[in-house]
Every structure is written in structure tokens, then in C-alpha cells.
Amino acid sequence: MKTGTLKQILLITDGCSNQGEDPVAMAALANEQGISVNVIGVVENDVIDEKGMNEIENIAMSGGGVSQIVYSQTLSQTVQMVTRKAMTQTLQGVVNKELKHILGKSVMIDELPPDQRGEVMEVVDELGETVDLELLVLVDTSASMKHKLQTVKEALLDLSLSLNARMGNNQFSVFVFPGKKKDVEKLLDWTPELESLTGVFSKLTVGGITPTGPAMKEALAHFNKKRSLRGLLSNDDEQYFEESI
């Protein structure tokens with residue numbers, strides 16, 4: 001099976017977008033480009049309105065990803081769980097298409113006999129540990145997130161430790177929205193070291209609108225910019241997971 005790079009956007013927010021492009025449409029566009037969009041809705045004191053919950057679910061559904069509503073005190077475990085679950089979900093999709101290619105008919109992993117299903121899931125698990133990962137994290141820094149940002153920072157550091165235990169290469173990038181001077185601000189460019197966030201997070205300013213759609217549009221542009229640079233720097237015909245899917 002061809003291997004390549006698994007691409008994910010992880011959106012961490014606690015409310016509804018209220019400016020710019022439709023985030024659900026942006027998530028669908030990302031999914032078309034082979035980038036899954038996962039959303040974690042952070043709840044405090046049982047408060048999250050129905051509109052916000054629907055938006056979180058719809059973004060993840062359109063983005064081919066996973067969504068989860070979570071209390072801020074359990075955010076760390078959830079960030080790791082959602083990232084891993086989304087990786088497995090994407091890899092299962094790749095394997096299902098590969099099975100169709102091999103068997104000449106559409107067969108889902110769940111439809112295989114138990115012994116074959118076990119073997120295929122072993123392949124999925126192994127890929128999950130060895131495949132390269134590009135994870136772009138979008139953090140909502142609107143006013144209501146003020147007391148949750150310390151928890152978000154700790155959750156991302158825990159995620160870094162968890163993913164760095166894998167054999168595959170990790171590249172992380174972090175954007176916040178709204179930024180100081182514009183809708184979206186890059187906090188961290190592509191790096192394997194998510195822990196370099198520590199110093200920057202304490203200086204974040206919170207407040208204002210929630211431009212989720214523009215933030216996702218910027219995230220897509222950042223992935224495409226990385227791809228263009230990679231093409232300029234290498235003459236190799238690199239394979240991406242979206243080519244397999």
C-alpha cells in the first residue's frame with residue numbers, strides 16, 4: 001500500500017462563528033483536498049448553545065473528521081483521543097479503497113470475516129504509528145475562551161508528547177483567531193516541536209469576534225503553501241494520502 005502524509009486540521013472552539021466565510025463550506029473544501037477537519041467544542045459550566053453544537057458537528061461531518069464536546073478539565077485527553085481517532089478513521093478509508101482495488105468490489109473492513117478483519121486492523125494500527133502527520137491546530141481566542149487558553153496550551157503539549165512517541169514524522173502548525181491585527185494570526189509555523197508554543201501562549205490577547213470560516217480558509221492556504229514549497233525544493237514525485245483516497 002502506498003504511504004504518504006496524513007493531513008489534519010484540529011479546530012478548538014467554544015462558540016459559533018460570526019464573521020466571514022461559512023466554516024462548513026471551508027471544511028468540505030479541505031476534505032476535497034485530502035485534509036480532514038476535526039473539531040473540539042470546549043464547554044464550561046454546561047453552557048454551549050444548540051447553534052454552536054450543530055456547527056461543531058457539521059464542520060466535522062463536512063470535513064470528514066471527528067467532533068467532540070468536552071469540559072475544559074478533560075480537554076487534554078480529548079485532544080489526543082480525537083487526533084488518534086481521526087487518524088484511524090482516515091486510514092480505514094484508505095484501506096477500504098485499497099480492498100476494493102484488490103478484491104474488485106466494494107468491501108468495508110467491518111464486512112470481512114473476523115480473522116481477516118483482525119489482520120487488516122493490524123495494518124491500520126501499524127500505519128497509524130508509522131505514517132507522517134501534518135497537524136494544523138486552529139485555536140479560538142475570542143473573549144469567551146480567555147479562561148480556557150491555559151488548558152488548551154497544556155492539552156497541545158500533552159498531544160505533542162503523545163504523538164512524538166510514534167515512529168512517523170510529525171509537523172505541527174498553530175493559528176489563532178481572531179489575531180491581534182487581523183482575523184487570523186499564525187502562532188507557530190510548521191515544526192516537529194509543538195512545545196515551542198509555551199512562551200507564545202502566555203502573550204495571547206483574547207477578545208472580539210469568532211471568524212472560524214476565515215481561519216479555516218487561512219489553514220488551507222498554509223497547507224497549499226507548504227505543498228508548493230515542497231514541490232520547488234524537490235524533484236521527487238512525492239505521494240500524498242489524498243492520491244490514495
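# A briefing on salt bridges, packing and buried residues

Lys217 is partly exposed, with a relative accessible area of 45%. Here, buried means under 20% relative accessible area, exposed means over 50%, and partly exposed lies in between, using a 1.4 Å probe and protein chains only. Keep in mind that this is a predicted model, in which local features need a pLDDT of at least 70 and side-chain atom pairs count only at pLDDT 80 or more, while totals for chains, interfaces and linings use all residues. Residues are numbered from 1 along each chain as its sequence is written, and side-chain values use heavy atoms, with hydrogens and water left out.

**The whole chain**

- The protein chain holds eight helices and six strands; these are DSSP runs numbered from the N terminus, with helices (H or I) of at least four residues and strands (E) of at least two.
- Starting at the N terminus, the elements follow the order β-α-β-α-β-α-α-β-α-β-β-α-α-α.
- Of the 245 residues in the protein chain, 49% are buried.
- Among contacts (heavy atoms within 4.5 Å) with a separation of 6 or more, 77% are between residues 24 or more positions apart.

**Salt bridges**

- Side chains of opposite charge can pair when their charged atoms come close.
- The count of salt bridges comes to four, where a salt bridge is a side-chain nitrogen of Lys or Arg within 4 Å of a carboxyl oxygen of Asp or Glu.
- One of them joins the side chains of Asp14 and Lys148, at 2.8 Å from N to O. Asp14 sits in the loop between β1 (5-13) and α1, and Lys148 in the loop between β4 (132-140) and α5 (149-163), so this pair ties together parts that are 134 residues apart in sequence.
- Asp14 is buried, at 11% relative accessible area, and Lys148 counts as buried at 5%.
- Another salt bridge brings together the side chains of Glu21 and Lys217, at 3.2 Å from N to O. This pair links distant parts of the chain, 196 residues apart: Glu21 is in the loop between β1 and α1, and Lys217 is in helix α7 (residues 212-233).
- Glu21 counts as partly exposed, with 29% relative accessibility.
- Arg84 and Glu129 also meet through their side chains in a salt bridge, at 2.8 Å from N to O. Since Arg84 belongs to helix α3 (residues 75-103) and Glu129 to helix α4 (residues 114-130), the pair ties together parts that are 45 residues apart in sequence.
- Arg84 is partly exposed at 26% relative accessibility, and Glu129 is partly exposed at 32%.

**How α1 and α2 pack**

- Helix α1 (residues 23-32) packs on helix α2 (residues 50-62) at an angle of about 20°, and their axes are 7 Å apart. That angle makes α1 roughly parallel to α2; angles under 35 degrees count as roughly parallel, over 145 as roughly antiparallel, 65 to 115 as roughly perpendicular and the rest as oblique.
- The crossing of these two helices, α1 and α2, is right-handed, a term for the near helix being turned clockwise from the far one by less than a right angle.
- On the α1 side, the contact is made by Pro23, Val24, Ala27, Ala28 and Asn31, and on the α2 side by Glu55, Asn58, Ile59 and Ser62.
- Sorted by class, the contact of α1 with α2 has five nonpolar, three polar and one charged residues. Nonpolar covers Ala, Val, Leu, Ile, Met, Phe, Trp, Tyr, Cys and Pro; charged covers Asp, Glu, Lys and Arg; the others, Gly among them, are polar.

**Two residues to look up**

- Leu159 lies in helix α5 and is buried, with a relative accessible area of 0%.
- Not counting residues up to four places away in sequence, Leu159 touches Val79, Gln80, Thr83 and Leu135. The C-alpha atoms of Leu159 and Thr83 are 8.6 Å apart in space, although the residues are 76 apart in sequence.
- Glu195 is in the loop between β6 (185-191) and α6 (198-201), and it is partly exposed at 41% relative accessibility.
- Glu195 touches Leu157, Ser160 and Asn164, again leaving out residues up to four places away in sequence.

**A cis peptide bond**

- Phe177 and Pro178 are joined by a cis peptide bond, with omega about -5°.
- Pro178 is found in the loop between β5 (170-177) and β6.

Key: Axes are lines fitted to C-alpha atoms, for helices over the stretch in contact, and angles run from 0 to 180 degrees between N-to-C directions.
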